[in-house]
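Hello,

Here is the structure I said I would pass on. Please open it and keep it in view while you read.

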Amino acid sequence: MLLTAFGGFMWLIFTAMLVLAVVALVLAAVAREDAYRAADKQNKMFWLIILGITVAVNLWVPMLFVQIAGLVATIVFFVDVRPALRQVSGGGGRGRRGGSSSDGPYGPYNGGR
């Protein structure tokens, strides 16, 4: 009983790692090449190769150490590369919410009116 629960938990972890790697690969593929250079990150092909290998390893190579290395690469992409790409591409959160250039951290600035 305990081994079955542990196996189900591990399957859930491996599936989550695969989904994260696939999402990172898709996001890396749709970003512009010049955004990588502008953000001073590795080039687009580098990230496509690293994340593609991560997806392949998660699908076909059941070696936990290699899968964890791929997870580290995926996390680096999500917390370092993607925010930098969004910043240089103009994909920040304010533009999507309809904010104005005069909005402050707590709402619109109206000059004390």
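Below is what turned up, starting with the core.

Please note that this is a predicted model.

The largest nonpolar core has 12 residues. They are A24, A28, A31, A35, Y36, A39, W47, L51, F77, V81, A84 and L85. The largest share, 4 residues, comes from α4. Take A24 as a way in. Leaving aside neighbours within four places in sequence, A24 is in contact with L51, T74, F77 and F78.

Next, the aromatic rings. The whole structure holds 3 aromatic pairs. One of them is F46 with W47: the ring centres are 5.4 Å apart and the planes stand at 85°, so this pair is edge-to-face. F77 and F78 also pair edge-to-face, with centres 6.1 Å apart and planes at 70°. Ring pairs link F46, W47, F77 and F78 into a cluster. How buried are its members? W47 is buried, at 7% relative accessibility, and F77 is buried at 1%. F46 is partly exposed at 33%, and F78 is partly exposed at 24%.

Now look at Q67, in helix α4. Its relative accessibility is 6%, so Q67 counts as buried. Not counting residues up to four places away in sequence, Q67 touches F14, M17, V57, N58, V61 and P62.

Last, the surface. F9, W11, L12 and I13 form a nonpolar patch there. Together they have about 450 Å² of accessible area. One of these residues, L12, is found in helix α1.

Best wishes

Key: Residues are numbered from 1 along each chain as its sequence is written. This is a predicted model: local features need pLDDT of at least 70, side-chain atom pairs count only at pLDDT 80 or more; totals for chains, interfaces and linings use all residues. Side-chain values use heavy atoms; hydrogens and water are left out. A nonpolar core is a set of buried Ala, Val, Leu, Ile, Met, Phe, Trp, Tyr and Cys residues joined through side-chain atoms within 4.5 Å. Buried means under 20% relative accessible area, exposed over 50%, partly exposed in between (1.4 Å probe, protein chains only). Helices (H or I, at least four residues) and strands (E, at least two) are DSSP runs, numbered from the N terminus. Contact means heavy atoms within 4.5 Å. Patches are made of residues with over 30% relative accessible area and no salt bridge: like charges are joined within 9 Å, nonpolar side chains (Val, Leu, Ile, Met, Phe, Trp, Tyr) within 5 Å. Accessible areas come from the Shrake-Rupley method with a 1.4 Å probe; for residues, only the protein chains shown count as cover. A salt bridge is a side-chain nitrogen of Lys or Arg within 4 Å of a carboxyl oxygen of Asp or Glu. Rings of Phe, Tyr and Trp (its six-membered ring) pair if their centres lie within 6.5 Å; planes under 30 degrees apart count as stacked, over 60 as edge-to-face and the rest as tilted.
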